[in-house]
Amino acid sequence: RVALEVVPDAAAIIRSMVTMTYTDGRRLREVLPEDLYWQTAEALEALGMPEPAYRDFKPWAAVTLLSVPPGQGDEFLDLRLYRAALAGGKEIAGLETMQEQLAIFDDMSLCDQTALLAETLATRDALPTLFEDLTRAYLAGDLDALMARRQRYLADGDPRISALFWSTAVDSRNQRMADRMAPLLDAGGWFIAVGALHLPGAGGILQRLQERGYQVRAVD
């Protein structure tokens, strides 16, 4: 049995595509400052997206696409795990719904979405190095290094936006996912996969599980 942050099935992907776009006639160009819009357009088109593909985007939708380092391929890890589980006839569960996950960004004010987009563009060149460092720390089993690298990256940006992103996209979700892991762990037989930055630190999933009385250890 396999549990992921969210089950990336066809219904979830359709929901995400609908939620990422304005349905009231607004356009990305209309809601962003002109200079920020053209920076965003240039970055998205460098990813192979023509203007019709992103013109209805909400600012946070552009953030999600621009937060992935180039050259990572079209199949993200959650989707690969999901397809492997399907092929193996596994029972599959999500720790969150797609609606819950998207609400993290969709509930942000336009001002905060715009600030997050500007921050993403300003720091985007550092993403390949950041992901390489995070991957190296994870593979070494060094969760302290994982947290330290994350903190250095956030320290380079706007403190308010960094704090907002971390509290909404990580901390609050850690609590929710730990709560929903508990019955799966009690039942046994589940492989549970979450993003590495949800694991360490105060308020991380590992600490939350330990506080519930679970024993946590690394497995080679």
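Select Asp112, Ala115, Leu116 and Glu119 in helix α8, then Arg160, Ile161 and Leu164 in helix α11: these two groups meet, contact meaning heavy atoms within 4.5 Å. This is a predicted model, in which local features need pLDDT of at least 70 and side-chain atom pairs count only at pLDDT 80 or more, while totals for chains, interfaces and linings use all residues. Residues are numbered from 1 along each chain as its sequence is written, and side-chain values use heavy atoms, with hydrogens and water left out.

Colour the contact by class.

Now show both helices whole: α8 is residues 110-123 and α11 is 159-187. Helices are DSSP runs of H or I, at least four residues; strands are runs of E, at least two; both are numbered from the N terminus. The α8 and α11 axes lie 10 Å apart, at about 105 degrees. That makes α8 roughly perpendicular to α11, a label for 65 to 115 degrees. Axes are lines fitted to C-alpha atoms, for helices over the stretch in contact, with angles from 0 to 180 degrees between N-to-C directions.

Next, the sheet. Three strands run in the order β2-β1-β3, open and parallel. Pairing requires at least two DSSP bridges between two strands. Select the edges, β2 (92-94) and β3 (191-193). Then pick β1 (residues 2-4), which pairs with β3 over three bridges. Leu4 has Ala193 as its bridge partner in β3.

Finish on helix α6 (residues 77-87), which packs on the sheet and touches β1, β2 and β3.

Definitions and conventions: Angles under 35 degrees count as roughly parallel, over 145 as roughly antiparallel, 65 to 115 as roughly perpendicular and the rest as oblique.
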